[in-house]
Amino acid sequence: MSFVAVRDVRRSYMLNPGSPFRKPAVLKALRGVALNIEQGEILGLVGESGCGKSTLARLLLGIEAPSEGEVTIGDRPISSFAPRERAKLIQPVFQDPYSSLNPRMTVSAAIAAPLEIQNWGNARSRAAAVERMMDAVGLPRYLAHAYPVQLSGGQRQRVAIARALIGEPKVLVCDEPTSALDVSVQSQILNLLIELHREFKLTMVLISHNLAVVSHLADRVAVMYLGRVVEIGGTDAIFNHPRHPYTRELLRAMLLPKQGKGLPDLTLSAEFPSPVSPPPGCSFHPRCAFASELCSRETPALAPVDGCEAACHHPLAG
């Protein structure tokens, strides 16, 4: 049984409600997402901006509730957890480590805050736990009384990671954890996440538009397009033998140009469609070089394809 399960989840938002100037519209951010995440696994979620990755993160964290469907942890609906209970079980690491930290709190106070909220221990035991966690994430102890403005971007993200882990959660949701950092610091944070995943036996959801980051960390990868998962499988299989045309185009866009061969020739033939009025059938069909009349008429379901699952009427050959 999967540790974290997303069961046919849909999330819609009403736009322009009650506006006298614009017609009401429904933005369909998630349109029937189903995922199973095993305990101790790192699942990567990738896709273009607007595909629903961050919306799914908010549902996993219990910040928002699905319009339809259910998110469970340990076979228990996340909606059934009290806020403190949920916070002890699952924690986020956000994209911008500066805006996610209180500028008026010292490093030690920020890291200790979850323990105080949970009424864990006393001042002395909390201080000792903060020191241990600073050691675990590679923060020098002399920074305990520093403020976020005095830290580098990498140090701020280490504080955010320490704060997330000090309560010993089982699940960590990392939403673009390195995108706001300098390239020279990104690899340090990625390697730190790998070490912490192993040390704390974490289940992790890694959300990123950066496929190189996902390939470095994830055990499996789920590719999202316009509110749906269009392909899911082991990292090696997804990166070496993509079965969905959209996954292939994402990978080709990531690849560096080869000397003498110019830039990769992408075959996307249209712009990213609006989630307010998604295309019928397969949502990717207006941009797909392999689309047929069937694709514009029927929505494909995820189905096994050579060890992966792809939602495609014409999956690519290996």
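1. In helix α3 (107–117), the buried residues are Val107, Ser108, Ala110, Ile111, Ala112, Ala113, Pro114 and Leu115. Here, buried stands for under 20% relative accessible area, exposed for over 50%, and partly exposed for what lies in between, with a 1.4 Å probe and protein chains only. Helices (H or I, at least four residues) and strands (E, at least two) are DSSP runs numbered from the N terminus. Because eight of the 11 residues of α3 are buried, the helix is largely enclosed by the rest of the structure. Its buried residues pack against α4 and α5, where contact means heavy atoms within 4.5 Å. Just after α3, asparagine 119 has a positive phi of about 55°.

2. On the basis of this note: the model is predicted, so that local features need pLDDT of at least 70 and side-chain atom pairs count only at pLDDT 80 or more, while totals for chains, interfaces and linings use all residues. Residues are numbered from 1 along each chain as its sequence is written, and side-chain values use heavy atoms, with hydrogens and water left out.

3. Helix α1 (residues 53–60) is also mostly covered, with six of its eight residues buried. These are Lys53, Thr55, Leu56, Ala57, Leu59 and Leu60. Glycine 62 follows α1 and has a positive phi, near 80°.

4. Strand β3 (residues 42–46) is mostly covered, five of its five residues being buried. Ile42, Gly44 and Val46 point one way from β3, whereas Leu43 and Leu45 point the other way. In a regular strand, side chains alternate between the two faces of the sheet.

5. Strand β3 has parallel partners, and two strands are taken to pair if DSSP finds at least two bridges between them. Four bridges join β3 to the parallel strand β8 (residues 203–207), and isoleucine 42 stands opposite methionine 204 in β8. With strand β9 (residues 220–225), β3 pairs in the parallel sense over four bridges; valine 46 has valine 223 as its bridge partner in β9.

6. Serine 208 is found in the loop between β8 and α7 (211–217). Its relative accessible area is 3%, so serine 208 is buried. Leaving aside residues up to four places away in sequence, serine 208 touches Leu45, Val46, Gly47, Lys53, Glu176, Val213 and Val214. The side chains of serine 208 and glutamate 176 are joined by a polar contact of 3.4 Å. A polar contact is a pair of N or O atoms within 3.5 Å; within protein, one must be able to donate a hydrogen and the other to accept it, and residues adjacent in sequence count only if both atoms are side-chain atoms.

7. An open sheet is formed by four strands in the order β2-β1-β4-β5, with antiparallel pairing. Its edge strands, β2 and β5 (76–77), each pair on one side only. Within this sheet, five bridges join strand β1 (residues 4–15) to the antiparallel strand β4 (residues 68–73). Valine 4 stands opposite isoleucine 73 in β4.

8. The largest pocket has a volume of about 470 Å³. Of the 20 residues that line the largest pocket, Pro114, Leu115, Ile166, Gly167 and Glu168 are the closest to its centre. Helices α2 (83–89), α3 (107–117), α4 (123–136) and α5 (153–165) each supply at least two residues of this lining. By class, the lining has 12 nonpolar, three polar and five charged residues. Ala, Val, Leu, Ile, Met, Phe, Trp, Tyr, Cys and Pro count as nonpolar, Asp, Glu, Lys and Arg as charged, and the others, Gly among them, as polar.

9. The second largest pocket has a volume of about 230 Å³. Of the 17 residues that line the second largest pocket, Arg228, Val229, Thr299, Pro300 and Ala311 are the closest to its centre. Strands β2 (25–37) and β10 (228–234) are the elements that give two or more residues to this lining.

10. The whole structure holds three cavities of 30 Å³ or more. The largest cavity has a volume of about 90 Å³. Among its 13 lining residues, Cys282, Cys288, Cys295, Cys312 and His313 lie nearest its centre. The lining of the largest cavity has nine nonpolar, four polar and no charged residues. On a 1 Å grid over the protein atoms alone, a cavity is a set of points where a 1.4 Å probe fits but cannot get out, and a pocket is an open set with protein on both sides within 12 Å along at least five of seven lines; lining residues have an atom within 4 Å of a point. Grid points are joined across faces, edges and corners, and a volume is the space filled by probe spheres set on the points.
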